[in-house]
Amino acid sequence: LDLAHPVAVAAMVGMAVVTSLATLPTDASGGFASFRNAIGPYFGGQVGFAVITIAAWLAHLGEALYGVKCAVALGLPASSVLLWFVVVLLCGFPMLRHLRKMKKDPRKLD
């Protein structure tokens, strides 16, 4: 499990940015608030950011639940299943693909 993989890091940073754009108070000041206000009109403003954030988290939740199904099918212990759930929830498909590879070839568990 390589959480330092550039794609996994990009996924975590992306989720943090999207969530921050949606949850930053509208009267906030500073560089990030200026960035949000500059790009806001292209994404539907605060409501658009909220919709994007909810959709992104729901997609990651769906991937994480599928990851649980894969981990259980591999016979992993409950602690490992929980770890896979959290990792896939935060990183999404970049980590889910590793679990899917193990599901296709269980010898990769060694």
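A residue is called buried when its relative accessible area is under 20%, exposed when that area is over 50%, and partly exposed in between, using a 1.4 Å probe and protein chains only. Keep that in mind as we walk through this predicted model, where local features need pLDDT of at least 70, side-chain atom pairs count only at pLDDT 80 or more, and totals for chains, interfaces and linings use all residues. Residues are numbered from 1 along each chain as its sequence is written, and side-chain values use heavy atoms, with hydrogens and water left out.

Let's start with T53. This residue sits in helix α3, residues 45-73; helices here are DSSP runs of H or I with at least four residues, numbered from the N terminus. Is T53 buried or exposed? T53 counts as buried because its relative accessibility is 8%. A polar atom of the T53 side chain lies 2.8 Å from the backbone oxygen of F49. Which residues does T53 touch, leaving aside neighbours within four places in sequence? They are V18, T19 and A22, where contact means heavy atoms within 4.5 Å.

Now look at helix α1, which runs over residues 6-23. With 18 residues, α1 reaches 25 Å from its first C-alpha to its last, close to the 26 Å expected at 1.5 Å a residue. That expected span is 1.5 Å times one less than the number of residues. Seen down the axis of α1, the buried residues fall within an arc of 155°, so they line one face of the helix; the arc is taken from the directions from the helix axis to the C-beta atoms. Those buried residues are A8, A11, M15, L21 and A22. Their cover includes α2 (31-43), α3, α4 (78-91) and α5 (93-104).

Helix α5 has its own buried set: P94, M95, L96, L99 and M102. What covers them includes α1, α3 and α4.

Finally, turn to the aromatic rings. Searching the whole structure gives two aromatic pairs. In one of them, F32 and F35 have ring centres 6.0 Å apart and planes at 40°, so the pair is tilted. For Phe, Tyr and Trp (its six-membered ring), rings pair if their centres lie within 6.5 Å; planes under 30 degrees apart count as stacked, over 60 as edge-to-face and the rest as tilted. Both F32 and F35 belong to helix α2, three residues apart, about one turn of the helix. An α-helix has 3.6 residues a turn, so residues three or four places apart point the same way. F32 is partly exposed because its relative accessible area is 33%, and F35 is partly exposed at 40% relative accessibility.

Key:
Helix = DSSP H or I, 4+ residues; strand = E, 2+ residues; numbered from the N terminus. Polar contact = N/O pair within 3.5 Å; in protein donor to acceptor, adjacent residues only side chain to side chain.
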